[in-house]
Amino acid sequence: TSRAIFVRTPSGRTALIGAGPDAGVVRALGTRLAFWQNTLDLVVLTSAASGASGGLPAVLDRYRVLHLARFGPDGSWSFESALEDSLSQQPDIRVIAPPVGAHIALDGVILYVRSTRHPAVIEITYGEATLAVSTSTPIGVYSLDGQLVK
């Protein structure tokens, strides 16, 4: 199971928050994206820990990523080496390192990384609705405007 969140804006732009522990995230993305879609507008890493970002090299090998937002410190030598190899194949990718608490806007959808410590907390806001997701949230259970939803 992949510990990643896929977001599609009303205009069709895409974001992946986290990349899961391994290449299984690519399989999961294949169920969410059209077979011809090979671009992700944004990937947000809340941690370089292998459980949260181990699948990133596989994502970068399979998809063209326009922006990569990295929060927190670098990961292990092996992760950083694999990431560097994958990034070298995408010279146009824009890598940014915003501070915790930064808001990232993508077509009216606001991603707010409240915390990168385990558990990481991310809020996704569109219009009046805010969905809060934590890396410790059971899969399929979320907080929407302060109410638990499944």
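Visitor: Which residues of helix α1 (residues 24-32) are buried?
Guide: Helices are DSSP runs of H or I with at least four residues, strands are runs of E with at least two, and both are numbered from the N terminus. Buried means under 20% relative accessible area, exposed means over 50%, and partly exposed lies in between, using a 1.4 Å probe and protein chains only. In α1, the buried residues are Gly24, Val25, Val26 and Leu29.

Visitor: What kind of model is this, and from which number are the residues counted?
Guide: This is a predicted model, where local features need pLDDT of at least 70, side-chain atom pairs count only at pLDDT 80 or more, and totals for chains, interfaces and linings use all residues. Side-chain values use heavy atoms, leaving out hydrogens and water, and along each chain, as its sequence is written, residues are numbered from 1.

Visitor: Which elements do the buried residues of α1 pack against?
Guide: A contact means heavy atoms within 4.5 Å. The partners of α1's buried residues are β1, β2, β3 and α3 (56-62).

Visitor: Is threonine 9 buried or exposed?
Guide: Threonine 9 lies in the loop between β1 (5-8) and β2 (14-17). Leaving aside residues up to four places away in sequence, threonine 9 touches Leu106, Asp107 and Val109. Because its relative accessibility is 4%, threonine 9 counts as buried.

Visitor: And what is the relative accessible area of arginine 3?
Guide: Look in the segment before β1 to find arginine 3. From C-alpha to C-alpha, arginine 3 is 9.0 Å from serine 53, although 50 residues separate the two in sequence. Arginine 3 is partly exposed, with a relative accessible area of 35%.

Visitor: In β4, which residue is the bridge partner of leucine 40?
Guide: Two strands pair if DSSP finds at least two bridges between them. Strands β3 (residues 39-45) and β4 (residues 64-70) run parallel and are joined by six bridges. The β4 bridge partner of leucine 40 is valine 65.

Visitor: What is the handedness of the crossover from β4 to β5?
Guide: Three bridges join β4 to β5 (residues 94-96), and these strands run parallel. One of the pairings is histidine 67 with arginine 94 in β5. The chain goes from β4 through helix α4 (residues 77-88) to β5. With the strands pointing away from the viewer, a path from the first strand over the helix to the second that runs clockwise is right-handed, and this β-α-β crossover is right-handed.
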